[in-house]
Amino acid sequence: MRRLLAMVLAVRLAGADHDDETRVDLIDGGYKGWHQGWTGRSDRVMGGRSTIDVRRTVLGDEEEYDDEYLRSAARTVLAASGTLRTANGGFAGISRWLVGGAWSGKSLNLAGVSGVRVTFEAMPESELPLVWEIRFTGSCFWSSCIDFGAAFAVMPSADEDAVGSATIPFSAFRARRRGRPVQASFDPSQIQSMGFLLLYQEGPFDVRFRSIEAVFEVESTLADPPPPTATSPGAVYRTANAALARGAALFNKGYGPHASAALAATCRSLADALDAVPIPADDDGDDPRDDRRDDAAQLTLLEYARIAVRRAAGDAERAGASDPKRDGMTYMVLRRGLQMAQESADAAITSDDFENGPEGWPAGPAPAPALPDEPDEPPQPPPPDDDDQEGADGPRYYTKCKSCIMTLFIFGLALSAAIMLTLACCVCACGKERGKVTPFKPDA
């Protein structure tokens with residue numbers, strides 16, 4: 001009887017998640033519940049200080065499932081919380097091996113699938129969008145595996161119960177081995193493990209994932225939750241400033257798609273929030289920047305900000321994330337859009353916004369340090385550091401060093417072969433000399 005009730009509950013929950021327009025298959029989470037094999041990992045393996053805690057919680061009130069068997073069949077949420085520290089590391093994540101592990105000869109087969117959809121619970125509206133990377137591990141050689149990852153943003157919302165999702169096509173996944181970009185093709189039929197990774201975004205975090213689904217036809221990629229309600233010039237300025245600092249940190253570490261995802265999510269969030277602000281006509285005909293005290297002028301400047309971020313988000317979405325050559329261009333378009341919104345919000349700020357200092361501003365992300373002047377061209381990855389350590393997930397720039405090591409290795413092999421050949425010739429020559437018999441010549 002208990003098993004029958006559990007089956008009825010699962011079918012009912014499955015019907016609620018079924019998409020009639022696009023075929024979707026559940027990979028993990030959802031009505032099946034999250035697998036118990038999810039574990040956390042952080043940069044402590046390389047001397048970092050980041051922390052992460054992983055837990056599976058029942059969605060809703062656990063008292064609704066008074067039976068232990070029914071509770072195990074209920075929908076669960078995969079929650080991960082902790083603190084990310086960029087010093088000596090800068091990553092934390094959760095993962096699980098599929099079926100039997102990396103070297104068991106078994107794998108997850110997603111052949112024929114076009115992408116994956118990640119459903120998440122929205123964060124509090126006072127937070128910035130948090131960029132995560134979904135990773136699939138492909139082929140493994142000895143102890144080294146190739147990871148394929150793509151970035152998506154977990155969005156904030158004014159609605160505490162809001163849920164969002166991001167659909168990521170397989171064409172957007174990039175290959176890395178031990179954190180370094182490599183050239184490899186993604187084979188969805190040979191997936192050894194999957195996980196989520198948080199990179200170079202300093203501070204505490206708390207995320208709750210609902211499900212991972214396989215999508216056979218990717219039509220729309222984003223389903224954002226309702227936006228935050230902080231739309232004052234001060235809140236817009238602070239949000240744009242904090243997002244620009246986060247994007248610059250990710251881009252300078254070599255994670256262009258992650259930086260673009262952070263800026264694009266902020267642009268969409270600001271644009272959706274400002275869409276709800278009515279824009280009255282400014283009848284005096286003057287430049288709104290000349291009259292900050294006028295309400296119509298303030299709102300007109302916020303309209304400038306809304307147009308800037310909306311256009312930037314649209315241009316970035318059309319550019320896509322499948323071509324690595326467009327990473328710099330996409331990032332620059334989004335950065336410029338947020339800078340324009342920041343300038344408009346700064347022009348609209350009046351003395352009333354600073355009556356009580358920064359604490360008097362409406363709810364919004366904490367102000368970030370001022371950004372340095374950036375060049376017109378996208379910033380390039382920093383040169384390799386001699387003290388750089390081999391890590392599990394951080395970007396590493398070993399191209400020149402690797403070439404030098406290979407050259408020295410080949411030179412050493414050639415020198416060793418020459419020495420061995422010389423010794424062999426000497427041994428042969430000595431052997432021939434010893435083998436000669438000198439004829440006896442009697443004394444005359």
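These legends describe close-up views of a predicted model.

**View 1. Helix α3 spans residues 233–252.**
The helix has 20 residues. From its first C-alpha to its last, α3 reaches 28 Å. That is close to the 28 Å expected at 1.5 Å a residue. Of the 20 residues of α3, 17 are buried, so the helix is largely enclosed by the rest of the structure. What follows α3? The helix is followed by G254, which has a positive phi, near 95°.

**View 2. Q342 makes a side-chain polar contact with N241.**
Q342 lies in helix α6, which covers residues 327–348. Is Q342 buried or exposed? Its relative accessible area is 12%, so Q342 counts as buried, because the cut-off for buried is under 20%. The side chain of Q342 meets the side chain of N241 in a polar contact of 3.2 Å. Leaving aside residues up to four places away in sequence, Q342 touches Y237, A240, N241 and L244.

**View 3. A salt bridge joins R96 and D28.**
The structure holds 15 salt bridges. In this one, the side chains of R96 and D28 meet at 3.0 Å, N to O. The pair links distant parts of the chain, 68 residues apart. R96 sits in strand β5 (residues 91–97). D28 sits in strand β1 (residues 24–29). Side chains of opposite charge can pair when their charged atoms come close. Are these two partners buried or exposed? R96 is buried, with a relative accessible area of 9%. D28 is buried too, at 4% relative accessibility.

**View 4. R310 and D272 pair across helices α5 and α4.**
The side chains of R310 and D272 form a salt bridge, 2.9 Å from N to O. R310 belongs to helix α5 (residues 295–319) and D272 to helix α4 (residues 256–275), so the pair ties together parts that are 38 residues apart in sequence. R310 is partly exposed, at 31% relative accessibility. D272 is also partly exposed, and its relative accessible area is 25%.

**View 5. R306 and D275 also tie α5 to α4.**
R306 is buried, with a relative accessible area of 18%. D275 is partly exposed, at 40% relative accessibility.

**View 6. Five residues make a nonpolar surface patch.**
The patch covers about 540 Å². F411, L415, I419, M420 and L423 make it up. Where does I419 lie? Its place is in helix α7, residues 399–435. I419 counts as partly exposed, at 45% relative accessibility.

Terms used
Residues are numbered from 1 along each chain as its sequence is written. This is a predicted model: local features need pLDDT of at least 70, side-chain atom pairs count only at pLDDT 80 or more; totals for chains, interfaces and linings use all residues. Side-chain values use heavy atoms; hydrogens and water are left out. Helices (H or I, at least four residues) and strands (E, at least two) are DSSP runs, numbered from the N terminus. The expected span of a helix is 1.5 Å times one less than its number of residues. Buried means under 20% relative accessible area, exposed over 50%, partly exposed in between (1.4 Å probe, protein chains only). A polar contact is a pair of N or O atoms within 3.5 Å; within protein, one must be able to donate a hydrogen and the other to accept it, and residues adjacent in sequence count only if both atoms are side-chain atoms. Contact means heavy atoms within 4.5 Å. A salt bridge is a side-chain nitrogen of Lys or Arg within 4 Å of a carboxyl oxygen of Asp or Glu. Patches are made of residues with over 30% relative accessible area and no salt bridge: like charges are joined within 9 Å, nonpolar side chains (Val, Leu, Ile, Met, Phe, Trp, Tyr) within 5 Å. Accessible areas come from the Shrake-Rupley method with a 1.4 Å probe; for residues, only the protein chains shown count as cover.
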